[in-house]
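Work through the exercises below with the sequence and the model side by side. Try each task before reading its solution.

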Amino acid sequence: MIDYLKRVISLAGYKPSVDFELIHTNEQQSEYFFIEEYSEDEFDNFFEVEKTGKIIDDFLKAQKISGLKHVKKNTSLLLLIKVDNIEQGYEDYKNQILYVEEDSYYFRKFVILYSDKAIKNLTHQVTLQELYEKLKAGISDFEKNMFFDESYFLAMEIAIKLPFFVIPQAEESYKTIEERFRDSEKDDLDQNLIEVFCKEENIVEVLTDISEDNKDRDGMLLLIDKMFD
């Protein structure tokens, strides 16, 4: 899964830092991402495990390197959690996911659940356009049952939780979703997914605004309605 996610973020122009193995940044060095795999036990004890401490140490060290700009304010950790079944994993960890993602210390945190089945059925989606088309094609089924397809759920996590999600242009150049929205008169791609990213500076804020009673399926569908309504 780490290799697949690295491929996804590389399409958005992010490359490994020469100073830290786990930091990926864009050419402008304006945003940084740690990518790390956590076991279920490690995720249960996220704030106490050595792995998290090592990432925090690297983050603090990176702030002291003059060549790494904006590390302090624009760094996120992508936590990959492998589960046997995504629906069950979501039910088991939804409170822990919110707890970790709402933590404001050091850097932003985004949890991505995946399974062997999900990644196997998604790895052939090599381009960001293919991911986007997959989301468009399955949204009706997702609204009925968000766990209807584990690979679809994983694609949706990528689209929602990675703010750099981009759509390729026909001429093979890439623009951010915000740039795509600004140039919308030049093409007729569905604008619903674009609008939610443009209106919300941080998609996690949308998730954390969901009421306590709607943290499961209804809460996710509330967010999806804003994306594809």
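**Exercise 1: A surface patch**

L60 lies in helix α3 (residues 50–63); helices (H or I, at least four residues) and strands (E, at least two) are DSSP runs, numbered from the N terminus. The model is a predicted one: local features need pLDDT of at least 70, side-chain atom pairs count only at pLDDT 80 or more, and totals for chains, interfaces and linings use all residues. Residues are numbered from 1 along each chain as its sequence is written, and side-chain values use heavy atoms, with hydrogens and water left out.

Task: find which nonpolar patch on the surface includes L60, and give its accessible area.

Solution. 

Step 1. Classify L60. Its relative accessibility is 35%, so L60 counts as partly exposed. Buried means under 20% relative accessible area, exposed over 50%, partly exposed in between (1.4 Å probe, protein chains only).

Step 2. L60, Y105 and Y106 form the nonpolar patch, with about 340 Å² of accessible area together. Patches are made of residues with over 30% relative accessible area and no salt bridge; like charges are joined within 9 Å, nonpolar side chains (Val, Leu, Ile, Met, Phe, Trp, Tyr) within 5 Å. Accessible areas come from the Shrake-Rupley method with a 1.4 Å probe; for residues, only the protein chains shown count as cover.

Step 3. Look at Y106. This residue sits in the loop between α4 (86–102) and β5 (108–114). Y106 counts as partly exposed because its relative accessibility is 44%. Its phi is near 70°, a positive value in a residue other than glycine.

Step 4. List what Y106 touches. Leaving out residues up to four places away in sequence, Y106 touches I56, F59, L60 and K72. Contact means heavy atoms within 4.5 Å. The C-alpha atoms of Y106 and I56 are separated by 7.3 Å, although the two are 50 residues apart along the chain.

**Exercise 2: From loop to core**

Task: decide whether β5 is largely enclosed or open, and find which strand pairs with β5.

Solution. 

Step 1. Check burial. In β5, 6 of the 7 residues are buried, so the strand is largely enclosed by the rest of the structure.

Step 2. Find the partner. Strand β4 (residues 75–82) runs parallel to β5, and 7 bridges join them. Two strands pair if DSSP finds at least two bridges between them. L80 stands opposite I112 in β5.

Step 3. Turn to the core. The largest nonpolar core has 60 residues, and those with the most contacts inside it are Y38, F43 and L79. Helix α7 (residues 150–161) gives the most to this core, with 8 residues. A nonpolar core is a set of buried Ala, Val, Leu, Ile, Met, Phe, Trp, Tyr and Cys residues joined through side-chain atoms within 4.5 Å.

Step 4. Trace F43. Neighbours within four places in sequence aside, F43 is in contact with Y38, L79, I81, Y93, Q96, I97, V100 and V111.

**Exercise 3: Salt bridges**

Solution. 

Step 1. Apply the rule. A salt bridge is a side-chain nitrogen of Lys or Arg within 4 Å of a carboxyl oxygen of Asp or Glu.

Step 2. Take K51 and E42. Their side chains meet in a salt bridge (3.1 Å, N to O). K51 counts as partly exposed at 23% relative accessibility. E42 is also partly exposed, at 23%.

Step 3. Take E91 and K94. Their closest N and O atoms are 3.5 Å apart. The two are 3 residues apart in helix α4, which means about one helical turn between them. E91 is partly exposed at 38%, whereas K94 counts as buried at 18%.

Step 4. Take K161 and E101. Here the N to O distance is 3.0 Å. K161 lies in helix α7 and E101 in helix α4, so the pair ties together parts that are 60 residues apart in sequence. K161 is buried at 10%. E101 is buried at 8%.
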